Amino acid sequence: MTMKVRLSRTQPTLCVSLDHEPLWFSLTHPTTLNLTQNPNSFSLSLCKKKKKKNRLCCYVAVRKMGWGWWIQRQCSRWASSHSFRRILVLTLMVWGGTWGAEAAQGRGNRGSGCDLFRGSWVADQSYPLYNSSTCPFVEREFACLRNGRPDLAFAKYRWQPLGAGGCSLSRFNGRVFLERMRGKTIMFVGDSLSRNQWQSLTCMLHSAAPDAKYNITRQGDVSTFAFTDYGVKVMLDRNVFLVDVVREPVGRVLKLDSIQGGKLWMGIDMLIFNTWHWWNRRGPSQPWDYIQEGKQIYKDMDRMVAFEKALTTWAGWVEANIDPAKSKVFFQGISPSHYNGTLWGEPSAKSCLGQKQPVPGSTYPGGLPPAVAVLKGVLSKIKKPVVLLDITNLSLLRKDGHPSIYGLGGRTAMDCSHWCLAGVPDTWNEILYNLIL
């Protein structure tokens, strides 16, 4: 089968699934496809022909769906008499980027030259998107103003993506988001940075629809914020490693190749995963005693190696359990910390305390954390669609956005890892919003 696609300047990937057997085509290689296109939709005719008496033909209409293109249509296999022999299902997904391999090149509403993850922070007095003092869900850990932070400047910045032709993010519209997700369930899975983003999104939505009925429940490690008027659930599963930690006679064992927790993720419409924050914990705050891979048990191992192995196990779960027709999968990316001023050109700074402005420009002097390369390496091997919310660099530029002494522990616990709300996680959600429109 040969195909030809002219969707954008990026190189798309095509998946055709016949009788539930996926055929993957990387369109970096010469391919042919009959295609008619307009900016938001296209139609195509696609035939696979081995013998004249047995030809499979499909006519497919595809429309733009946020970060890519998606549709399902029926195909027919014809015999020589042109009688209909059987129905097959064709699943077509064409992404504006290589399949699952890199961060999605978010195009928003500004064309293919717009990269939502590269840019700079600009002052904007119309921000923040909500008043954190009137959002009843913000926990003390993230409630910087309530905890006494005297400045509000950190909340008055807007992310400006790079790109020609006025590239910009569409401003978050909570009612549009709720209508788009009506009847669906969103789940954040990860550590306290996932909780940071989860609470941000609930505040953004509640601010947009303050009269909408809601309820909040918690069962074990799963918290659920439900907008009952819309049938939308925004859930949080606290699972800091994604893989399992199991109590055994020897002690608490971190099992790098076990992911029983994935049972909670089945059937969710949108999943946003995250892990990294806990992988370098040592001493009393380390929540495991041993690491296990297969039948081998270790007292410890290189944490970056363990991180990669766990991500690989998670990737295997995605391959085995995600149906792209029913579930969208995102990975939050690596949220950075700011404890060393040398990395942003201020050697005298030993923490984020007193920082009131972002790092200027679009490049962080200290570079990216090594975990980013490990994460992207694992994502590059996944065949199912997983979109990386590549928030690391834009967050690195926000040395001013952390609670510092205005977090959970006050002056006794410097917090330059989490983020004030309103604040940086609102931008993560604003990018997510642009990708699903």
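G267 lies in the loop that runs between strand 15 (251-255) and strand 16 (270-273). Strands here are DSSP runs of E, at least two residues, and helices are runs of H or I, at least four residues, both numbered from the N terminus. A word on the source: this is a predicted model, where local features need pLDDT of at least 70 and side-chain atom pairs count only at pLDDT 80 or more, while totals for chains, interfaces and linings use all residues. Residues are numbered from 1 along each chain as its sequence is written, and side-chain values use heavy atoms, with hydrogens and water left out.

G267 is exposed, at 65% relative accessibility; exposed means over 50% relative accessible area, buried under 20%, partly exposed in between (1.4 Å probe, protein chains only). I322 is 55 residues away from G267 along the chain, with 8.4 Å between their C-alpha atoms.

Next, K383, in the loop between helix 4 (370-379) and strand 20 (386-388). K383 is partly exposed, with 45% relative accessible area. From K383 to V318 the C-alpha distance is 9.2 Å, across 65 residues of sequence.

Strands count as paired if DSSP finds at least two bridges between them. Strand 17 (residues 290-293) pairs with strand 18 in the antiparallel sense, over 3 bridges. In that pair, Q292 stands opposite I297 of strand 18.
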